[in-house]
Structure formats: structure tokens, C-alpha cells
Amino acid sequence: MSGGAAAQELTVWTLTGAVEAENAAWAQIIEEFEAANPGVTIRIEQRSVDEHKAALRVAARSDQGPDIYFMWAGLGLGGEFVQAGLSAPLDAYYEQYGWEDRLLPSAMGFTTAFTEERHGVPYSFAGEAVYYNKALFEQAGITAEPQTYEELKAAADALKAAGIPAFTFGGTVNWHLMRLMDVILETKCGAETHDALKAMTADWTTTPCAVESFAELADWSANHILSPFMGIDQAQSFNLFLANRAAMMLEGDWLVGQISQAAPIEGFDLFIFPTGTGRLYGFAEYLYISSRSEHPDLAAKFLDYLLSDEVQQRHLGAFGAISVNRNVEYQDVGDAEQQWLDIFADHSEIFVNGDQAFPLDVTTEYFRVINEVAQGNMTPEEGAAAMQSFIVNRG
């Protein structure tokens with residue numbers, strides 16, 4: 001990387017770092033970039049999650065703001081600012097720097113999710129899949145991983161017949177059970193309609209698959225989830241999974257490390273939830289170049305350095321378990337980690353968690369309705385009606 005721009009300042013807005021390795025990586029990367037670009041200063045402003053969102057909403061309505069900003073990539077988060085005009089399209093920079101060839105296809109899945117133009121670059125990415133206990137599957141006579149939703153339901157029935165709950169979820173944290181509803185919606189509605197429901201452009205009461213999805217959630221809750229799931233949290237649910245109390249968990253790639261620290265990883269395996277759409281369930285964190293930036297070329301140059309093979313290799317693990325750079329080499333990778341690397345490489349389309357697809361107020365209602373349907377306090381039809389009523393009547 002050669003010297004370039006002089007007397008220029010880039011401002012980066014991001015979250016207050018909670019992991020020291022990530023903070024240290026940022027500091028070193030900035031120091032190196034400034035040294036290679038005399039006269040350039042990079043200033044980071046860090047805020048809490050809510051303060052960060054509030055500051056960006058102010059920036060979207062003014063001429064002020066950062067050059068680069070962090071945001072989750074879902075429709076209700078990063079997409080909000082893309083649609084508000086705060087994000088600059090990056091197609092030219094993707095071509096100039098060859099980012100499309102360098103970055104994981106799955107991680108780039110949100111760059112064109114909201115417009116035909118590319119917005120943002122991936123900063124970190126996580127996928128979610130079904131982990132299962134091999135011994136419990138064998139005990140129930142399940143000889144192959146389910147490839148379709150019908151096969152998954154059949155496996156759940158076989159587990160129940162063997163006296164084994166299929167799944168464990170922690171109901172005290174709303175987002176845990178939400179994952180099941182998300183993948184059911186993807187399965188029953190298909191990608192396009194699921195996206196429309198989450199984008200609030202489809203009517204939950206007149207879209208038959210929405211009611212059907214709530215009915216499936218009710219069935220799973222009544223027959224195939226370790227009870228009483230509403231009284232435990234995610235950590236307790238994980239411990240019950242390790243204790244062979246349930247056969248499956250719907251969790252992220254990070255669970256590989258958590259299992260490895262607590263039990264022989266060889267006793268577990270994973271498969272993608274069989275939605276039938278070919279999309280991977282997961283979420284991404286992005287860095288966007290602001291449409292207000294006076295130095296977009298310099299901002300892109302900095303992002304190119306951050307995403308470079310050298311930097312991503314040197315700071316592997318600082319920004320997440322998996323680098324968004326597909327050229328990074330992993331040493332001493334276990335079978336489970338390699339499985340995730342293959343999954344990320346093989347998926348170019350993803351769908352995002354509901355709490356990142358919806359705005360915050362709708363997310364809160366989504367949580368409430370899921371819990372009510374799961375507990376049998378609300379029928380599937382009432383659940384769909386409640387969602388639509390809230391969306392129509394929100395301020």
C-alpha cells in the first residue's frame with residue numbers, strides 16, 4: 001500500500017468495543033494505515049447500541065455524519081439507513097478492489113438485499129444451523145440427517161416416540177425461540193413471501209403461510225420442545241442439550257467452540273435447517289460508506305486495507321470466529337469448523353434473524369406474539385392478526 005491523500009480525516013462511527021482483541025486490532029490497523037498514508041487521520045467515535053442508532057438517524061436527516069459507519073445488515077437495521085439515503089453505493093469500489101472475489105459470498109448476501117446497487121462491506125458474519133446429538137439420533141433410529149422439512153418433522157416424531165424431546169430452547173430470552181419461527185416462515189412461505197412479511201409489505205392475515213407458520217410453531221412447542229422452555233434461558237438450554245435432555249439446538253457457528261470446551265465435539269454434528277429455499281440463516285455486521293462523506297475514495301481505500309488478506313489473516317478471530325475474507329487460511333481446523341467454512345463458501349444468499357429484519361418496536365411485538373402462540377395463549381390466526389394490527393397501527 002503506497003502513500004496517498006494528505007490532510008484528510010476519516011471519521012468512523014461504531015460500537016463501544018467489548019472485546020479487547022477487537023479494540024487492539026482496530027488500533028493497529030489504523031496506525032498502519034495512517035503511517036502508509038501521510039496526512040491522513042482516522043478518528044473513531046464509539047457509542048452504545050442505542051446511542052449509535054440514534055446518532056445515525058440524526059445523521060440521515062442532516063448533512064453531518066461519519067465517513068464510515070457500522071451497522072447490522074438486516075432490513076430493520078442497515079437497510080433502514082440504506083433506504084434513508086445515508087449509505088453510498090459501492091459498486092465501483094467492489095470492481096476497483098476486487099472485493100467480490102475476495103469476500104465470502106454468504107457474507108456479501110446483504111449488499112444487494114435492498115437495492116440493485118451494492119451497499120456496505122461485511123465486517124463479520126455468523127451462520128445458524130441445527131446441532132444434534134448423534135447418540136440420541138441413533139437411539140431414536142434416525143440414520144440420516146433430515147434433508148427436507150418433512151424429514152425433520154419425521155425425525156422429531158421418532159425422537160418423541162423414543163422419549164426424547166427434539167429441541168431445547170430458552171424462552172426467557174425472546175430471540176432464542178424466535179429462531180424457530182424465522183426458519184419456519186422461510187420454509188412455509190418461501191424466500192420472496194418471507195421477505196415481504198418481514199419488510200411489512202405483505203399482510204400477515206391474508207398471507208396463508210403466515211397462519212400456517214404460527215400453527216407449525218404451536219405444534220413444535222406442544223410436542224417437540226423440551227418443557228418447560230418458557231422458564232429457562234439460553235445458557236440453561238445449552239446445558240440441557242449437553243446433558244442429553246434434548247436432541248437438537250438451533251444455534252450459531254459459535255456453538256462449535258462452546259461445545260468443544262464442555263464435551264467431546266465428536267458426539268455432535270450439524271446440518272442446515274431444511275427450509276427448501278437454499279438460503280442460509282444468519283446475520284452480518286457491515287461497514288458502510290456514508291453518502292455524506294467528503295472522502296469516499298479514501299474511505300474505500302481504508303476498507304480495502306481492513307479487508308485485505310494480510311490484515312484479516314493477522315487479526316483472525318478478532319472480528320469473529322470466521323473471517324469475511326475467503327482467502328484466509330485456518331490452521332488446525334476441526335471437522336465442525338471446516339463444515340462451517342464449507343457452508344459459508346457454498347451459500348451466496350441468506351435470510352436474517354427477525355430481530356434484525358424488523359424495526360425495534362415490531363421486533364418487540366414479534367417476540368410477544370411468538371411467546372403467546374408457543375404457550376397456547378393465542379391461536380395461529382390470532383397471532384397473524386396481532387402482527388398485522390400492530391404493523392398497521394404503529395406510529
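Modeller: Start with a cut-off: a polar contact is a pair of N or O atoms within 3.5 Å. Keep in mind that this is a predicted model.

Colleague: Which residues is glutamine 388 in contact with, leaving aside its neighbours within four places in sequence?

Modeller: Ala202, Asp203, Trp204 and Thr205.

Colleague: Why is glutamine 388 called buried?

Modeller: Its relative accessible area is 13%. Buried means under 20%. Therefore glutamine 388 counts as buried.

Colleague: Where does glutamine 388 lie?

Modeller: In helix 17, which covers residues 380-393. Other buried residues of helix 17 include Pro380, Gly383, Ala384, Met387 and Ile391. The buried residues of helix 17 pack against helix 9 (208-223) and helix 16 (360-374).

Colleague: How do you know that the span of helix 17 agrees with its number of residues?

Modeller: Helix 17 has 14 residues. The expected span is 1.5 Å times one less than the number of residues. That gives 20 Å, and the end C-alpha atoms are 20 Å apart, so the two agree.

Colleague: Why is helix 9 called oblique to helix 16?

Modeller: Helix 9 and helix 16 pack at an angle of about 55°, with their axes 8 Å apart. Helix 9 is therefore oblique to helix 16: roughly parallel needs under 35 degrees, and roughly perpendicular runs from 65 to 115. Phe214, Leu217, Ala218 and Ser221 of helix 9 make the contact with Val369, Ile370, Val373 and Ala374 of helix 16.

Colleague: What makes helix 12 largely enclosed by the rest of the structure?

Modeller: Its buried count. Eight of the eleven residues of helix 12 are buried, so the rest of the structure largely encloses it. Among them are Leu298, Phe302, Leu303 and Tyr305.

Colleague: Serine 290 is in the loop between strand 7 (280-289) and helix 12 (296-306). How do you know that serine 290 is buried?

Modeller: Its relative accessibility is 2%. The cut-off is under 20%, so serine 290 counts as buried. A polar atom of its side chain lies 3.4 Å from the backbone oxygen of proline 66. Beyond four places in sequence, serine 290 touches Pro66, Asp67, Tyr69, Leu86 and Ala88.

Colleague: Last one. Why is glutamate 337 called partly exposed?

Modeller: Glutamate 337, in helix 14 (residues 335-346), has 34% relative accessibility. Buried is under 20% and exposed is over 50%. The value falls in between, so partly exposed is the label. A polar atom of the glutamate 337 side chain lies 3.3 Å from the backbone nitrogen of glycine 334.

Notes: Residues numbered from 1 in each chain as written. Predicted model: local features only at pLDDT ≥ 70, side-chain atom pairs only at ≥ 80, totals over all residues. Heavy atoms only, no water. Helix = DSSP H or I, 4+ residues; strand = E, 2+ residues; numbered from the N terminus. Buried < 20%, exposed > 50% of the residue type's maximum accessible area, 1.4 Å probe, protein only. Polar contact = N/O pair within 3.5 Å; in protein donor to acceptor, adjacent residues only side chain to side chain. Contact = heavy atoms within 4.5 Å. Axes fitted to C-alpha atoms, helices over the stretch in contact; angles between N-to-C directions. Parallel < 35°, antiparallel > 145°, perpendicular 65-115°, else oblique.
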